[in-house]
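I opened my notebook for a friendly first look at this one. Here is what I looked up, entry by entry.

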Amino acid sequence: MKRIFVLVLIAFVTLNLTGNVVGVFANKNNEEFKDIYERKVPQTFHYKYDYDKLYQFLDISEKEYRSEWNSGKTISEIAEKRDIYPQQLILYLAEKKFEALDKALNNGEIDRYFYYDYAISFMKSDIIEFINRNPNK
């Protein structure tokens, strides 16, 4: 008996709530969303890390960096040895990636939706993977 009552209540509430809803649909005829349909897809963004600037940030010479890298240390471990915390390293690299994303957006290489998607969904994991990997381990 309780199940029937709950089902009837859910159906009643659903019907009453959906009766007054006005939707905005993203279709080709809706000017507000037209740019979504006119985007060039797929889009790609390739970021090349500037190791000279990374060496400066880490306050390390290229020779020291290569030595530690070849011994199996990750960038994160190299940074921690110099009292640079992982969050500081991530923020530094994110700033550099945002600069590159801004440039790509301004040059029309990517659109704002790609920019948002990459920044929200992929940037942090890309950076974390970059600073924590070393094939020499």
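**Entry 1: the fold.** I began with the secondary structure of the protein chain, and I found seven helices and zero strands. Reading along the sequence, I wrote down the pattern α-α-α-α-α-α-α. I also noted that this is a predicted model.

**Entry 2: the whole chain.** I looked up burial next: of the 137 residues in the protein chain, 26% are buried. The accessible surface comes to about 10400 Å², and carbon and sulfur atoms hold 56% of it. Then I turned to contacts with a separation of 6 or more, where residues 24 or more positions apart account for 61%.

**Entry 3: H3 and H4.** How do the axes of H3 and H4 cross? Helix H3 covers residues 51-58 and helix H4 covers residues 62-70; their axes come within 10 Å and cross at roughly 90 degrees. H3 and H4 are therefore roughly perpendicular to each other. I listed who makes the contact: Tyr-51, Tyr-55 and Leu-58 from H3, with Glu-62, Tyr-65 and Arg-66 from H4. By class, I have four nonpolar, no polar and two charged residues here.

**Entry 4: H3 and H6.** I stayed with H3 and moved on to helix H6, residues 86-106. The axes of H3 and H6 come within 12 Å and cross at roughly 145 degrees, and the crossing is right-handed. On the H3 side I found Lys-53, Leu-54, Phe-57 and Leu-58; on the H6 side, Gln-88, Leu-89, Tyr-92 and Leu-93. By class, this contact has six nonpolar, one polar and one charged residues.

Key
Residues are numbered from 1 along each chain as its sequence is written. This is a predicted model: local features need pLDDT of at least 70, side-chain atom pairs count only at pLDDT 80 or more; totals for chains, interfaces and linings use all residues. Side-chain values use heavy atoms; hydrogens and water are left out. Axes are lines fitted to C-alpha atoms, for helices over the stretch in contact, and angles run from 0 to 180 degrees between N-to-C directions. Helices (H or I, at least four residues) and strands (E, at least two) are DSSP runs, numbered from the N terminus. Angles under 35 degrees count as roughly parallel, over 145 as roughly antiparallel, 65 to 115 as roughly perpendicular and the rest as oblique. Contact means heavy atoms within 4.5 Å. Ala, Val, Leu, Ile, Met, Phe, Trp, Tyr, Cys and Pro count as nonpolar, Asp, Glu, Lys and Arg as charged, and the others, Gly among them, as polar. Buried means under 20% relative accessible area, exposed over 50%, partly exposed in between (1.4 Å probe, protein chains only). Accessible areas come from the Shrake-Rupley method with a 1.4 Å probe; for residues, only the protein chains shown count as cover. A crossing is left-handed if the near helix is turned anticlockwise from the far one by less than a right angle, and right-handed if clockwise.
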